[in-house]
Amino acid sequence: MLNKEEKLKKIQDIKKEYGEDLLILAHHYQNNDIVSLADYTGDSLKLAKYAQENKKAKYVVFCGVHFMAETADILTEDWQKVLLPAGGAGCPMADMANLAEAETAWEVLKIEFDKDLLPVTYVNSRADIKAFCGSKGGSTVTSGNAPKVMEWALSQNKIVLFLPDRHLGENTAYELGIEPKNMAIYNRKTQKVEYECPKEDVRIVLWDGYCHVHHAITVKHIEQARNSLPEAKIIVHPECPFDVVRAADGYGSTEYLINTVKNAPAGSSWVVGTESNLVARVKAQNTDKQVYILDTHSVCTNMNKTNLDNLLETLEDIKNNNFSKQVKVSKDIAEDAVKSLDTMLELC
Ligand code: SF4
């Protein structure tokens with residue numbers, strides 16, 4: 001049984017041995033050990049771009065969750081292998097929308113509104129949902145570029161179907177001037193669309209999915225933080241519910257949260273509503289400020305499934321020509337999925 005230092009050393013040795021043939025990417029929500037070993041750390045958009053731009057690495061080890069490795073596989077060349085160290089690292093939100101459900105919803109919405117539809121999906125979605133969007137002229141978005149892509153979608157005078165995160169969809173559409181009363185919800189279970197305004201006033205239909213990590217953050221957490229830390233500013237991720245985002249002092253993507261604290265004056269206080277590994281790192285990197293987490297339960301168990309053991313195992317597998325951890329998106333899905341990713345990358 002190796003101790004932590006021995007595992008770190010072995011991983012670093014394999015990295016050195018493989019040089020540019022090996023690329024390790026880590027999402028911001030990974031733990032510090034994994035981040036310390038990564039060639040690049042970033043949010044999903046940054047990592048997607050790193051994967052797409054790298055034309056040297058034969059092996060891309062993606063320390064994150066399954067949909068991210070799928071995206072990397074879609075954007076890399078056929079000769080590049082993408083591997084996910086923690087096989088069971090899925091994303092419950094991505095799993096809240098599958099192709100069959102999306103196709104059913106499409107038919108329901110066509111009948112309900114009798115108007116052209118345009119699908120837009122958060123990159124935190126399965127490859128077949130990205131392909132669904134790509135095949136219908138739609139796009140992906142990240143939390144960082146959602147307003148830009150949504151503006152493009154809304155300008156087409158079609159009803160936008162936003163999958164799978166209702167909160168990101170609602171927060172972004174509101175930022176662009178759409179009132180909540182003009183947003184409908186698609187209920188996956190009943191296969192019905194719910195809205196209160198006249199049908200012709202519906203601008204966007206929100207899929208009823210959510211990220212449990214951010215969905216669990218409430219206005220009560222904000223009120224408690226304001227009471228105990230009245231001098232602190234509160235910033236949250238747009239995967240948080242609408243009323244939480246409205247009650248906060250600011251909101252934005254992971255990069256926004258990082259940079260807002262980084263660029264703040266020394267001595268200022270910040271309460272950050274997002275995943276705990278990220279908040280802990282922001283705190284450690286800003287020792288001249290006070291940084292607190294809004295909800296101490298904001299833990300993504302799936303992001304935490306990557307560890308030194310399965311990372312080392314993945315690298316040793318590569319040495320042994322064992323690619324059982326490879327994530328491969330089938331050609332027909334990849335062909336349509338890349339269209340929705342390219343639309344986003346061209347717009348942003
Ligand atoms: S933090 Fe939320 S959206 Fe991200 S992987 Fe975890 S469950 Fe999915």
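This is a predicted model: local features need pLDDT of at least 70, side-chain atom pairs count only at pLDDT 80 or more; totals for chains, interfaces and linings use all residues.
1. Residues are numbered from 1 along each chain as its sequence is written, and side-chain values use heavy atoms, with hydrogens and water left out.

2. The ligand sits in the largest cavity. A cavity here is a set of points, on a 1 Å grid over the protein atoms alone, where a 1.4 Å probe fits but cannot get out; sitting in it requires more than half of the molecule's atoms to lie within 2 Å of its grid points. Around the ligand (a heavy atom within 4 Å) are Tyr 29, Val 65, Cys 91, Pro 92, Met 93, Asn 124, Cys 211, His 212, Val 213, Glu 239 and Cys 300. That shell has eight nonpolar, two polar and one charged residues, with Ala, Val, Leu, Ile, Met, Phe, Trp, Tyr, Cys and Pro counted as nonpolar, Asp, Glu, Lys and Arg as charged, and the others, Gly among them, as polar.

3. Helix 7 (residues 146-154) and helix 8 (residues 166-175) have axes that come within 9 Å and cross at roughly 70 degrees. Helix 7 is therefore roughly perpendicular to helix 8, a label for angles of 65 to 115 degrees. Axes are lines fitted to C-alpha atoms over the stretch in contact, with angles running from 0 to 180 degrees between N-to-C directions; helices are DSSP runs (H or I, at least four residues), and strands are runs of E (at least two), numbered from the N terminus. Ala 146, Pro 147 and Met 150 of helix 7 make the contact (heavy atoms within 4.5 Å) with Leu 168, Gly 169, Thr 172, Ala 173 and Glu 175 of helix 8.

4. Helix 3 (residues 44-53) packs against helix 15 (residues 331-347) at about 105 degrees, with axes 12 Å apart, so helix 3 is roughly perpendicular to helix 15. Here Leu 45, Lys 49 and Gln 52 of helix 3 meet Asp 342, Met 344 and Leu 345 of helix 15. By class, this contact has three nonpolar, one polar and two charged residues.

5. For helix 5 (residues 99-113) and helix 6 (residues 127-135), the angle is about 35 degrees and the axes are 9 Å apart. Leu 99, Ala 102, Glu 103 and Trp 106 meet Asp 128, Ile 129 and Phe 132.

6. Tyr 251 lies in strand 12 (residues 250-251). Beyond its neighbours within four places in sequence, Tyr 251 contacts Asn 171, Glu 175, Val 236, Pro 238, Val 245, Arg 246 and Tyr 256.

How values were computed:
On a 1 Å grid over the protein atoms alone, a cavity is a set of points where a 1.4 Å probe fits but cannot get out, and a pocket is an open set with protein on both sides within 12 Å along at least five of seven lines; lining residues have an atom within 4 Å of a point. Angles under 35 degrees count as roughly parallel, over 145 as roughly antiparallel, 65 to 115 as roughly perpendicular and the rest as oblique.
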